[in-house]
Amino acid sequence: MKVQYPIFSSLFLLFLTILFSCKTANTPLHEATPTASLEAAYAQFKEPSITHRRFKHADLQPLIEKHAGAFQITKLGQSVEARSISSLDWGSGDTKVMLWSQMHGNESTATMALFDLFNFLEASGDEYDELRSLLHRSLDLKFIPMINPDGAEEFKRRNAIDIDLNRDAISLISPEAILLKNARDDFEPEFGFNLHDQQTYYNASGTPNQATISVLAPAYNYATDVNEVRTRAMQTIVGMNKVLQEVVPGHVGKYNDTFEPRAFGDNITKWGTSTILIESGGYPNDPDKQFIRQLNFMIILNALEQIATQSYTQYAISEYFAIPDNDLQLVDLLIHEVQVPVNGKFFPVDLGIRRRENSAGESYSVSASVDDLGDLQVYFGLEEFDASGFKYAEGKVYETGFDSVDSIGEARAIELLREGYLAVNVKNGAKGDLHYLPILVLNSTESFSSGWKTGESTNFFLEKDGVRKYAVVNGYLIDLENPKDQEFKQRVY
């Protein structure tokens, strides 16, 4: 466990555990909505107009207005580049809950889930009416989707001043930070949900499982003490985790709670709001995070039900600390024991390859490089390959140019790879154009980068007994004898 407590803090934890145990011992607990019902609700109320995670501010405005009948919509202010930032309020209860998303412009998963949740809350006349009535009479909800619309416009982390809004809670340099601080101060929520995305390379510590959802009850001081405010957040997270373990067992991590004095989550906790951080990571075959969007919907709805009924009090904070820590030991492709050439000799090394996203309009391409090499036994690969007995080998550019990407085709690309060509030239097309072929496509250059050292582009063959068996093209592993179906997100060079 990373968190260390003074003796008085440990005694306080024991006191809280006893206190909450006594509180709930004689009180019948609300029976939570079953996980299957949460899944069914998502399927029924998913917002159909949002189909990918690279939407923009303009895409959300009609959706916000669509809910004007059921929600109180307030323009809180505007961003550096004058894009509006609005809140949507719902419910008439005494317990105030504030949820804000997309403080980082390229962290949009929870924003999608909030609009799914708006559809759910506004609906009526079905099996969820009792739950809606409970939430409406118990809670006063304030939603602020897309705090950083300027960052979202370019799908980048920071705002138009190039400031990380999550490090601007004290200085309040950015208008978006001022807006969020004022919203919190005016509303004074008892609970807060700080909704983010994290790298897909986080794993649940000690396992190869991606941390699909990571959680945190942020600290309010450097000692990471636990008071009643943090305790409520921790207990609620335990209930959320029980739902997640039914759907994605082993794919939940606990974020590091080192106190960051400039961060909103830490300070909002310090100001008296039980804050719950949700970080959306990665999940196999979910590049646009639509399944993780569903998980957000389910656990946020579960958490709101817990808060409405105070059923979170049944959980011990020891269950929160039992959630595995986040680790950062994942790579896209882990190649074990490949023989690499140095001064005429070959040495066996593990190669850890990561593929980074590069924005291209509403889509993206990837660029891969060696993240680490050597003895990588502490790493896990989303894809792993035992290259014992295989040697690293360079590839070539095909001598004859093609008219365009469309004139090549996947089958022809595989044939060229088998012949030792890793790249082709096209006459028509422009640098940066997207394509989905399993081969490099050149237009503005006659050569391509390749290598096996850290930071170098990963374009090479794996040979055994002088025969090319596999190709690594921009970090994608391709079996030349039996190529599998996979999606390639590449650009023209």
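Predicted model: local features only at pLDDT ≥ 70, side-chain atom pairs only at ≥ 80, totals over all residues.
**View 1. Packing of helix H5 against helix H10.** Helix H5 (residues 129-138) and helix H10 (residues 290-309) pack at an angle of about 60°, their axes lying 9 Å apart, and the two helices are therefore oblique to each other. The crossing in which H5 passes H10 is left-handed. On the H5 side the contact is made by Leu131, Leu134, Leu135 and Ser138, and on the H10 side by Leu301, Leu304, Glu305, Ala308 and Thr309; sorted by class, these comprise 6 nonpolar, 2 polar and 1 charged residues.

**View 2. The salt bridge between Asp116 and Arg293.** The side chains of Asp116 and Arg293 meet with an N to O distance of 2.8 Å. Asp116 belongs to helix H4 (residues 109-122) and Arg293 to helix H10, so the pair ties together parts that are 177 residues apart in sequence. Both residues are buried.

**View 3. The salt bridge between Arg230 and Asp257.** Here the N to O distance is 3.1 Å, and the pair links Arg230 in helix H8 (residues 228-247) with Asp257 in the loop between strand E8 (252-254) and helix H9 (264-270), 27 residues apart. Arg230 counts as buried at 1% relative accessibility, as does Asp257 at 10%.

**View 4. The salt bridge between Asp288 and Arg53.** The closest N and O atoms of this pair are 3.5 Å apart. Asp288 sits in the loop between strand E9 (274-280) and H10, whereas Arg53 sits in the loop between helix H2 (35-45) and helix H3 (57-66), 235 residues apart. Asp288 is partly exposed, with a relative accessible area of 25%, while Arg53, at 8% relative accessibility, is buried.

Conventions: Residues numbered from 1 in each chain as written. Heavy atoms only, no water. Axes fitted to C-alpha atoms, helices over the stretch in contact; angles between N-to-C directions. Helix = DSSP H or I, 4+ residues; strand = E, 2+ residues; numbered from the N terminus. Parallel < 35°, antiparallel > 145°, perpendicular 65-115°, else oblique. Left-handed = near helix turned anticlockwise from the far one by under 90°. Contact = heavy atoms within 4.5 Å. Nonpolar A, V, L, I, M, F, W, Y, C, P; charged D, E, K, R; others polar. Salt bridge = Lys/Arg side-chain N within 4 Å of Asp/Glu carboxyl O. Buried < 20%, exposed > 50% of the residue type's maximum accessible area, 1.4 Å probe, protein only.
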